[in-house]
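The sequence and the model come first.

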Amino acid sequence: MTHDEFRAAMTRLAGGVVLVTAQEPPLDPDDPNAPAGEDAGMTATAFMSVSLEPPLVLVSLREGSRMDDLLAEQPLWAVSVLAESQRHIAGRFAMKGRISDRLLFEDIPYVRGEATDAPLVGGALATLECRTEQRVAAGDHTLVIGRVLTARVPSVDGRPLMYFKGRYRQLG
């Protein structure tokens, strides 16, 4: 089997699209006047529920990516389940060689999570705040298992943004 064959087969699995966010720790955690770290975000389609008791979720991160490095040192993070109207947000945070995350968040409505201080996207179908429980090396990715600290469904209306055959899609 080749990489291309494997990739082609896996594109046939439809998945929901989420934005994983976290805030970098302050530059000097011992100095209360030190500037806070920047927000970071990453689009993910490899996200799933793992357990109801305790409430656990899993996200797969490319090894050595900015989010993988950040979540190795920052145990608190959040997930916004994107609606089909938020395709532009998914595309923005999935770009390779993108501009700074600070600019990417600039015109996106969000609130700060009460448990994580991470950005939670306005208009998302659901939001979760998590604390890392376990990190598992898996090939060229890291599986991050997080305990869900808060779960909200701020938007009861709307349909999920899906990813299928290498493109963002609408359900139905």
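## Arg152 and its partner

Arg152 is partly exposed in this predicted model, with a relative accessible area of 40%. Its side chain meets that of Glu114 in a salt bridge, with 3.1 Å from N to O. Glu114 sits in the loop between β7 (110–112) and β8 (119–121), while Arg152 belongs to strand β10, so the pair ties together parts that are 38 residues apart in sequence. Glu114 counts as exposed, at 67% relative accessibility.

## Strands β9 and β10

A salt bridge also forms between the side chains of Glu133 and Arg147, at 3.2 Å from N to O. Glu133 is in strand β9 and Arg147 in strand β10, so this pair ties together parts that are 14 residues apart in sequence. Salt bridges with shared partners join Arg131, Glu133 and Arg147 into one network.

Both residues of the pair fall in the partly exposed class: Glu133 has a relative accessible area of 39%, and Arg147 has 27%.

## A bridge from β9 to helix α2

Which residue forms a salt bridge with Asp68? The partner is Arg135, and the closest N and O atoms of the two are 2.6 Å apart. Arg135 lies in strand β9 and Asp68 in helix α2, so the bridge ties together parts that are 67 residues apart in sequence.

Asp68 is buried, with a relative accessible area of 5%, whereas Arg135 is partly exposed, at 33%. In total, the structure holds eight salt bridges. As a general point, side chains of opposite charge can pair when their charged atoms come close.

## The two faces of helix α2

Helix α2 covers residues 66–73, and its buried residues are Met67, Asp68, Leu70 and Leu71. These four span an arc of only 165 degrees around the axis, which means that they are on the same side of α2. The face turned away from that buried side carries the exposed residues Ala72 and Glu73.

What covers the buried residues of α2? The cover includes β2 (18–23), β3 (39–44), β5 (56–62) and β6 (76–81). It also includes β9 (126–138) and β10 (141–152).

Met1, Phe6, Met10 and Leu13 make a nonpolar surface patch of about 500 Å². Of these residues, Phe6 has its place in helix α1 (residues 3–10). Phe6 is partly exposed, with a relative accessible area of 45%.

## The chain as a whole

The protein has four helices and 12 strands. Along its principal axes, the C-alpha trace spans about 50 × 40 × 40 Å. A compact globule of 172 residues would have a radius of gyration near 16 Å, and the value for this protein, 16 Å, agrees with that.

Of the 172 residues, 38% count as buried. The protein exposes about 9,800 Å², and carbon and sulfur atoms supply 54% of this area. Among contacts between residues at least 6 apart in sequence, 65% join residues at least 24 apart.

Conventions
Residues numbered from 1 in each chain as written. Predicted model: local features only at pLDDT ≥ 70, side-chain atom pairs only at ≥ 80, totals over all residues. Heavy atoms only, no water. Buried < 20%, exposed > 50% of the residue type's maximum accessible area, 1.4 Å probe, protein only. Arc of directions from axis to C-beta. Contact = heavy atoms within 4.5 Å. Patch = residues over 30% accessible without salt bridge, like charges linked within 9 Å, V, L, I, M, F, W, Y side chains within 5 Å. Areas by Shrake-Rupley, 256 points an atom, 1.4 Å probe, with all protein chains shown as cover. Salt bridge = Lys/Arg side-chain N within 4 Å of Asp/Glu carboxyl O. Rg over C-alpha atoms; globule rule 2.2 N^0.38 Å.
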